[in-house]
Amino acid sequence: MTAERHPIREEDLIAYADGRLGADRRGEVESWLRDHPNDAARVDAWRHQNEAIRTAFGPVAAEPLPARLDVRRMAAARRAGSGRRYAMAAAAVVLLVLGAAGGWMGRGVFAPPAGSVSLIAEALDAHRLYASEVVHPVEVKSDDEAHLSSWLSKRLGIVLVIPDLSADGFRLIGGRLLPAGGQAAAQYMYENDEGQRITLFIVPAGKESRSAFRYASSDKLEALFWSNDKIACAIVGDLPRDALKDIATRAYKQFG
Amino acid sequence: MTRILDEIEACIPALRRYARALTRDVSLADDLVQDCLERALRKQTLWRPTASVRSWLFSILLNIRRDDLRRERRAPAPLPVDTLAAEPATGEAQSARLAAIEVSAAIAMLPPDQREALLLVVLEDFSYGEAAATLGIPLGTLMSRIGRAREQLREATERTPPARPTQPARLRTVK
């Protein structure tokens, strides 16, 4: 009778298998399972899965930690200015050269049309390449924000502000200069407290000038593009479209 | 600052375990944890306790993992099940070990979304609410991912019974 008022749903079966139901509900599920052997077999299989997963990976937590995961040593190295960063600089340089060469060769072969489609594609590529970079995600860090702004303004030939997106929980990490369609592009990278990163990819405005927001998505990344009479900008991130739109609106206002 | 360092340190074994289960690759998993710790150290002065340190660290690790997958688009190498199936299955411990190998191979075939969700709950013992918050998804989405993961695992493991050649399947249910 109780089961009729609160039918047993899939979630209840899962929570039962995980041992996370209160005593009352547990009794209801047990009586349901007595009458439904198919569900009982599934729940039984799930419990075996749980045991098997814990058997397979549980012992990893008891393994001795390798030195490179010593967080105290890492913290001390950071405070000391870190010799490790220097060692990793070579790898970052290789990555940078590959990125530049890839962009250049791709351009020769595919000759993308000017406009938003190619800009969004380049912004997505640049995001994929640099957002996963831990040690050198940017060329110039945010603690040198004034230099970053004047340097990129000079290279792009326009006055370029750096939008403050802290109201959306994103803080500037820094920026870099990139090639895009034969001209210079700026990429700003921001990060929130959860380590999620978004990038803004900016080129001087072309002839097509103003446009409304346009969206594109690719492999779970959302991109949003707009242009005004000064710049064309694509914002990229693994965020719901609405959240990205709020951030884009905030950035758009600050670019003026 | 030292206290948060203590809390971060206490989470490292669990982060390694989770990363190992996600990637099934020892050095890839430790790379992931190392990157996660670097990023956490860089952000620790900004971190404010809106969630647990554990949940915060796991969400950083997951974000790095997703960025890596996007960049590399590299599927995890499937475990060579054939060579393992040839080992003799003697006794209960051996049978549990084979079941573990079997389920770990099946986990590798799950879509990343489902794998992340299932392992947070089953392996890391996150509550459903904490897991949903860590993944940044609604509770209903979490439950449906876990449900789909479980059904897919069940189908995958039931299709490959030869993994215990010397143990008839019915023996498993005898308690």
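Two strands are said to pair if DSSP finds at least two bridges between them. Helices (H or I, at least four residues) and strands (E, at least two) are DSSP runs, numbered from the N terminus. By these rules, β4(A) and strand β7 (residues 231–237) of chain A run antiparallel and are joined by seven bridges.

This is a predicted model, in which local features need pLDDT of at least 70 and side-chain atom pairs count only at pLDDT 80 or more, while totals for chains, interfaces and linings use all residues. Residues are numbered from 1 along each chain as its sequence is written, and chains are lettered from A and ligands numbered from 1 in the order in which they are written.

## The two chains

Chain A has nine helices and seven strands. Chain B has eight helices and zero strands, and from the N terminus on its elements run α-α-α-α-α-α-α-α.

The table uses two terms. A residue is buried if 20 or more other C-beta atoms lie within 10 Å of its own, exposed if 12 or fewer, and partly exposed in between, with C-beta atoms placed from the backbone. Two residues are in contact if their C-beta atoms, placed from the backbone, lie within 7 Å.

| Chain and property | Value |
|---|---|
| Chain A, buried residues | 30% of the 256 residues |
| Chain B, buried residues | 34% of the 175 residues |
| Chain A, contacts between residues at least 6 apart in sequence | 56% join residues at least 24 apart |
| Chain B, contacts between residues at least 6 apart in sequence | 69% join residues at least 24 apart |

## The sheet of chain A

Strands of a sheet pair through backbone hydrogen bonds, either parallel or antiparallel. In chain A, seven strands form an open sheet with antiparallel pairing, in the order β1-β2-β3-β4-β7-β6-β5. Its edge strands are β1 (140–141) and β5 (211–218) of chain A, each of which pairs on one side only.

A:Tyr190 has A:Ile198 in β4(A) as its bridge partner. A:Ile198 also stands opposite A:Gly237 in β7(A). The strands β3(A) and β4(A) form a hairpin with five residues between them, and A:Gly195 in the turn has a positive phi of about 80°. Seven of the eight residues of β4(A) are buried, so this strand is largely enclosed by the rest of the structure.

Helix α8 (residues 145–156) of chain A lies across β1, β2, β3 (183–191) and β4 (197–204) of chain A, and runs at about 20° to β2(A). For such angles, axes are lines fitted to C-alpha atoms, for helices over the stretch in contact, and angles run from 0 to 180 degrees between N-to-C directions.

## Where the chains meet

In total, 39 residues of chain A are in contact with 47 residues of chain B. On the side of chain B that touches chain A, the elements giving two or more residues are α1 (2–23), α2, α3 (53–72), α5 (91–108), α6 (112–122) and α8 of chain B. The residues of that side divide into 25 nonpolar, five polar and 17 charged. In this division, Ala, Val, Leu, Ile, Met, Phe, Trp, Tyr, Cys and Pro count as nonpolar, Asp, Glu, Lys and Arg as charged, and the others, Gly among them, as polar.

Two packed helices are described by the angle between their axes and the distance between the axes. Helix α5 (residues 71–79) of chain A packs with helix α2 (residues 26–43) of chain B at an angle of about 50°, with the axes 10 Å apart. The helices α5(A) and α2(B) are therefore oblique to each other. Angles under 35 degrees count as roughly parallel, over 145 as roughly antiparallel, 65 to 115 as roughly perpendicular and the rest as oblique. The contact joins A:Val71, A:Met74, A:Ala75 and A:Arg78 of α5(A) with B:Leu37, B:Glu38 and B:Leu41 of α2(B). These residues divide into five nonpolar, no polar and two charged.

A second pair is helix α2 (residues 10–17) of chain A and helix α8 (residues 139–158) of chain B, whose axes come within 10 Å and cross at roughly 70°. That makes α2(A) roughly perpendicular to α8(B). In this contact, A:Glu10, A:Glu11 and A:Ile14 of α2(A) meet B:Met143, B:Ile146, B:Gly147 and B:Arg150 of α8(B).
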